[in-house]
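Please study the sequence and the structure shown below before reading on.

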Amino acid sequence: MAFRSLIRSSLTFSRTLLKANVNLEKNCERIVSTTIPALNKKQVEVTFLKANGEKIKVKANVGDSLLDVVVNNSVDLDGFGACEGTLTCSTCHLIFSQSDFDQLPDKPTDEELDMLDLAYELTDTSRLGCQIILTETMDGLQVKVPATINDARG
């Protein structure tokens, strides 16, 4: 009888260890990160030109969107990014110079173009800030912020 009890106990212990190992592996998957630590992120300078002539110069992390830059630096742009980058409004509409526009790494998607059609003060060099991801080559970027915004959601 004691032998069977010992076997059952060791099987239960083995199963418990196996479950713990599986849970440990699942938890380890969650903490693995492939991004560069925040301390090592390169930064670029971005200037927002408001319609009233005010220039707001900020430092921004490479890899962030222009919407992230506005939020992370508490840039005072009323109503900017109302949909939080879900591509369902046009409140992060920005106007680029032709040369900066031509250098943007990605072309606008059909979804972005649909939202831009609803933006006020639309130009040939308009883009949504939530769709522009900063690269090192964008250091010194200047973007014009339209005087009015149109929230396409409402």
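Which side chain meets that of Glu 112 in a salt bridge? In this predicted model, the partner is Arg 127, with N and O atoms 2.8 Å apart.

## Other salt bridges

The count of salt bridges comes to 3. One of them joins Glu 45 to Lys 57, where the closest N and O atoms are 3.9 Å apart. This pair links distant parts of the chain, since Glu 45 is in strand E1 and Lys 57 is in strand E2, 12 residues apart. Glu 45 is partly exposed because its relative accessible area, 28%, lies between the limits of 20% and 50%. Lys 57 is exposed, at 57%.

Lys 50 and Glu 54 also meet through their side chains in a salt bridge, at 3.5 Å from N to O. Glu 54 is partly exposed, with a relative accessible area of 38%.

In soluble globular proteins, nonpolar side chains tend to be buried together. The largest nonpolar core here has 29 residues, and those with the most contacts inside it include Val 46, Phe 48 and Leu 134. Among the elements giving two or more residues to this core are strand E1 (43-49), helix H2 (66-72) and helix H4 (110-116). Helix H2 supplies the largest share, 4 residues.

Beyond its neighbours within four places in sequence, Leu 134 is in contact with several residues, including Val 44, Val 46, Leu 66, Val 69 and Leu 141.

Methods:
Residues are numbered from 1 along each chain as its sequence is written. This is a predicted model: local features need pLDDT of at least 70, side-chain atom pairs count only at pLDDT 80 or more; totals for chains, interfaces and linings use all residues. Side-chain values use heavy atoms; hydrogens and water are left out. A nonpolar core is a set of buried Ala, Val, Leu, Ile, Met, Phe, Trp, Tyr and Cys residues joined through side-chain atoms within 4.5 Å. Buried means under 20% relative accessible area, exposed over 50%, partly exposed in between (1.4 Å probe, protein chains only). Contact means heavy atoms within 4.5 Å. A salt bridge is a side-chain nitrogen of Lys or Arg within 4 Å of a carboxyl oxygen of Asp or Glu.
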